[in-house]
Amino acid sequence: MDPDIAAAPIATDGGWGWIALSGIFVIGTFLAGYLKSVGVLMVQWQIEYGVGAQEVSWIGIALGFVTCTGAVIASALSSRFGSRIIVIIGCFVMAITLLLGSFTCQLWQLYVTNLLTGLGIALGYLPALVSVGFYFDKKVGLANGIGFSGSGFGLIVVPPILQLLVEYFGWRTALRILAGSSLLPCLCGFLIKPTEKEIFWMTKEKKQRKKSLLQENGREVVEPVLPSDDTTKPNSAIKDSQVMSKRIKKVLYSCLKCGGFHLLIENKIFIFIIFTFVWTSFGSFGSTIYFNARAVFDVGLTQLEASYLISAIGLGNLLGRVGHGIFLDRNFMTPLGMYSLTSVISAISIICYPFLDNFWTLLSCALIFGLTNGPYPSLQVMVLRDMLSPGDVSGGFGVVLFFNGFAMVTGVLIMSFLFDTSGSYDLSFFVAGISLFISGFLLFLLLIQKKLKRASGIEAIPDEDDEINQQEATTTEFIRANESQEVTKQNVTCDVTKSRESSV
């Protein structure tokens with residue numbers, strides 16, 4: 001086992017962690033609740049501005065894309081400054097941008113404000129979720145389920161409340177009320193106190209950055225200056241170019257490590273896992289966004305009835321995220337196996353959705369979809385915790401959300417394009433269901449391969465300790481190679497200097 005992991009403090013599995021978890025639940029209720037309930041407002045914007053679904057879909061695209069890609073920024077900032085301050089800043093940014101969105105008079109202005117709102121959600125939501133792992137160890141599955149279920153609870157309460165506010169006061173006043181309510185997550189951010197485990201990994205990252213700077217400065221000091229005669233100019237030029245090349249590589253590597261992208265180089269299975277997660281995001285986000293729209297435009301439900309469908313998805317999310325945590329903590333299934341199973345069931349519910357044409361069957365489909373689709377963000381974190389060291393989970397999840405953002409954009413664009421060309425959302429949901437099935441099927445194949453290899457005595461996927469040791473070995477080998485090259489150059493330089501002095 002990595003000595004750093006062995007020396008890291010163990011989470012307390014209780015105490016203040018439950019208080020912090022309640023704050024994380026509230027944060028998820030407001031932030032993720034708006035993210036997944038924006039479809040209620042998109043219907044209003046589509047009617048008010050007289051535009052098609054594709055034009056309005058860019059608002060949801062901007063919101064979801066920046067929320068996911070901004071997770072890389074949130075991961076880097078929280079690793080350096082801690083989760084609490086970043087969560088507070090993100091929630092405050094969301095409140096301000098929602099307020100600004102209520103004063104817009106053109107559709108493109110809503111693009112801008114929702115883009116900034118997505119950045120606030122990214123800064124507030126990701127660090128809050130990752131901080132769960134700093135409070136809990138043995139009960140991390142249940143704690144993850146409770147923390148992530150905040151977004152499910154938000155889907156239950158936010159859509160109908162938002163719809164009622166729109167009907168009674170209009171969407172502008174509804175946004176202002178939502179902006180004022182979003183200050184509550186700012187206060188909940190203060191409940192996320194830095195733990196010994198979080199401080200340990202933050203200190204470790206700080207020492208690594210300081211060590212890298214000291215090594216770089218040390219090389220610049222110890223390098224001797226050669227005489228500036230004509231015979232040494234070519235060697236000096238070559239040496240300078242090599243030093244510059246190494247510095248550029250180190251800067252690039254540091255930038256990649258800051259955002260978590262170094263894991264794409266050090267961990268090959270991480271790339272395949274991201275590929276499967278992308279298929280899930282492709283079909284999941286667009287289905288949630290247009291679930292309301294199909295019920296209104298294709299089936300003919302009222303907007304209030306359609307908002308109940310989003311609430312049913314939220315209820316399923318809530319039950320699924322809490323329930324899957326209990327299953328994982330009791331070792332009934334592995335995170336990988338549960339992710340595969342829920343993806344396949346979610347795909348079946350979405351493929352069946354276009355064949356349903358009354359309120360109660362749509363409500364049942366929404367509940368099943370939410371029950372099976374809701375746990376996937378928490379399961380993604382659990383899968384990453386089985387693969388990466390605790391210090392890399394935040395960066396790895398940020399990279400996952402970064403690529404998920406591109407998948408969300410592609411999914412929403414394709415679903416809106418299919419609606420505008422066919423005049424119905426049926427084909428859109430068929431495509432979304434197929435993408436969810438691909439994700440579950442690929443993970444199922446990976447799970448079967450892993451079990452077959454274990455039966456034959458060979459691991460298909462390196463276990464957690466082996467993967468972490470491999471990452472540490474890669475980094476250590478990189479540093480030692482550079483140091484050995486520098487020592488060799490210094491010895492050669494000293495020999496050249498001595499020979500010249502003896503000849504003189």
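**Figure 1. Helix H5 and the lining of the largest cavity.** In this predicted model, H5 contributes 5 residues to the lining of the largest cavity, the most of any element. At least two lining residues each also come from H2, helix H3 (53-81), helix H7 (140-169), H13, helix H17 (376-387) and helix H18 (390-422), while H5 itself spans 107-130. The cavity holds about 340 Å³ of space. It is lined by 25 residues, and those closest to its centre are Leu-35, Tyr-125, Pro-377, Leu-401 and Met-408. The lining comprises 16 nonpolar, 7 polar and 2 charged residues. In the whole structure, 5 cavities of 30 Å³ or more are found.

Figure 2. Beyond residues up to four places away in sequence, Phe-291 touches Leu-309, Ile-310, Ile-313, Ile-350, Tyr-353, Leu-362, Cys-365, Ala-366 and Phe-429.

**Figure 3. Thr-276 in helix H13.** Helix H13 covers residues 268-299 and includes Thr-276. Thr-276 counts as buried because its relative accessible area is 0%, below the cut-off of 20%. Apart from neighbours within four places in sequence, Thr-276 contacts Ser-439, Leu-442 and Leu-443.

Figure 4. The mean pLDDT of the protein is 76, and 75% of the residues reach 70 or more. In residues 219-233 the pLDDT is below 50, and this stretch has 17 contacts beyond near neighbours in sequence. Residues 486-490 also have a pLDDT below 50, with 6 such contacts. Where pLDDT is low, predicted coordinates should not be read in detail.

Conventions
Residues are numbered from 1 along each chain as its sequence is written. This is a predicted model: local features need pLDDT of at least 70, side-chain atom pairs count only at pLDDT 80 or more; totals for chains, interfaces and linings use all residues. Side-chain values use heavy atoms; hydrogens and water are left out. pLDDT is the predictor's confidence in each residue, from 0 to 100. Contact means heavy atoms within 4.5 Å. Helices (H or I, at least four residues) and strands (E, at least two) are DSSP runs, numbered from the N terminus. Buried means under 20% relative accessible area, exposed over 50%, partly exposed in between (1.4 Å probe, protein chains only). On a 1 Å grid over the protein atoms alone, a cavity is a set of points where a 1.4 Å probe fits but cannot get out, and a pocket is an open set with protein on both sides within 12 Å along at least five of seven lines; lining residues have an atom within 4 Å of a point. Grid points are joined across faces, edges and corners, and a volume is the space filled by probe spheres set on the points. Ala, Val, Leu, Ile, Met, Phe, Trp, Tyr, Cys and Pro count as nonpolar, Asp, Glu, Lys and Arg as charged, and the others, Gly among them, as polar.
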